[in-house]
Amino acid sequence: MNVLFCTYYEVSPQAGGGERVAANLSIQLSRKYGINCYSLYEQAIDPLFLRVPFENRIKYNPQIDDLEILISFVQANHIDIIIGGYIPLFNAIVEIIDRCPTVRVILEHQVKPGSECLKYENTNSYLTLKNCVKWLVLVCRFRYRQMRHRAWLRKCYKKIYDKSARVVLLSSLYQSSFKYFGKISDEQKFRIIHNPLSYTTFFDMRSYKEKKKEVLIVSRLEEVEKRISLCLRVWQMIEKDSELADWRLRIIGYGRSEEHYKAFVKTHNLMRVSFEGVQDPELYYKNASILMQTSNAEGWGLTLTEAQQFACVPVAFNSYESISEIIVDRENGFSVPNNNICKYIKTLSTLMKNGALREKMAENAVESSKRFKQDKIMEQWYHLFQEVLKQ
């Protein structure tokens, strides 16, 4: 069986959530089931990033490259299944079905349905009142682009659903919103498969006393989607609490908003914040006691399950539906009402001050994360591949 993984970035566990999932799937499916895995991506990554080995790979941009290039690659490598979730690229991929009738296409939708429109939110939140006219022009421009993009995206949802063999969602709670956004009446093609854990080992609670008083953020540093500025506003209040003077915040990741975040830290004289850059977060999870997440929307919230796996208690805004399948509030993490900064500060502060509570919740977190073991998720994917090939 030959499977082509389609992603926005070149596949690396350091490139992003979707790419991390593709990395784990391709490696495990190859090892356990002998599947030959191939890679199709639109954007290359930094040469310093780790790269997952594939049988073959191709860089393809649907806005620039001829579709014949992609068709030739699929035919030459005898691809049986194409799987991916980046809508603009996948919208081009489904065009090859008529030319390659034996190929089965599976949309693996890695985000909250419709949240792709967030890219056209007004990201320039740093303008001063002196630029209010410019700000208004930018807002109008963003809103117009967002309206056009939303209309285009709805058509893509419908087209991809019609042409795909299956549409895999990360949670059953997304099925109705996917149907609504794409104006889809049928639901026979939907399948629900959660994202697997990123690692195969689990934290040994006998070592819990070695945990440090560290709070962790693992994220792309992109303000519109991830809202790290909210984390920094929360941390600003934490640093004012003398009882929490021995705690520090570590931020893992990179992105376009990084310099703005560093400027915020410098301007507000935050002394216990460090930007760690691009790192494998495993060791950081093992050391840290708490994970912060303030995302605007997530498909699954992969860092939540990664943190739970290593007894790092997550505190997150309930800004997306699938969080309820990961966090049981006050048992294996905290799910804070979206945008309630005051509640978030109070919740985080309470957890930081109560060591017994942290340890109990950390133990629960490790156990609950085992629902998403890699072997269990890989088996679901393998059975799905067999199902679509029998069509």
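Analyst: Gladly. Buried means a relative accessible area under 20%, exposed means over 50%, and partly exposed is in between (1.4 Å probe, protein chains only). Strands (E, at least two residues) and helices (H or I, at least four) are DSSP runs, numbered from the N terminus. This is a predicted model, so local features need pLDDT of at least 70 and side-chain atom pairs count only at pLDDT 80 or more, while totals for chains, interfaces and linings use all residues. Residues are numbered from 1 along each chain as its sequence is written, and side-chain values use heavy atoms, leaving out hydrogens and water.

User: What makes strand β12 largely enclosed by the rest of the structure?

Analyst: Five of the five residues of β12 (residues 313-317) are buried, so the strand is largely enclosed. V313, V315 and F317 point one way, P314 and A316 the other way, and all are buried.

User: How do you know that β11 and β12 pair?

Analyst: Pairing needs at least two bridges found by DSSP between two strands. β11 (residues 290-293) and β12 have four bridges, in the parallel sense, with M292 opposite V315. β12 also runs parallel to β13 (residues 334-336), joined by three bridges; there, A316 has S335 as its bridge partner.

User: Why is N195 called buried?

Analyst: Its relative accessibility is 3%, so N195 counts as buried. N195 is found in the loop between β7 (190-192) and β8 (214-218).

User: What makes E321 and K112 a salt bridge?

Analyst: The rule asks for a side-chain nitrogen of Lys or Arg within 4 Å of a carboxyl oxygen of Asp or Glu. In this pair the closest N and O atoms are 3.8 Å apart, and E321 forms a salt bridge with K112. E321 lies in the loop between β12 and β13 and K112 in the loop between β5 (104-108) and α4 (132-163), so the pair ties together parts 209 residues apart in sequence.

User: How many salt bridges does the rule give?

Analyst: The count comes to 23.
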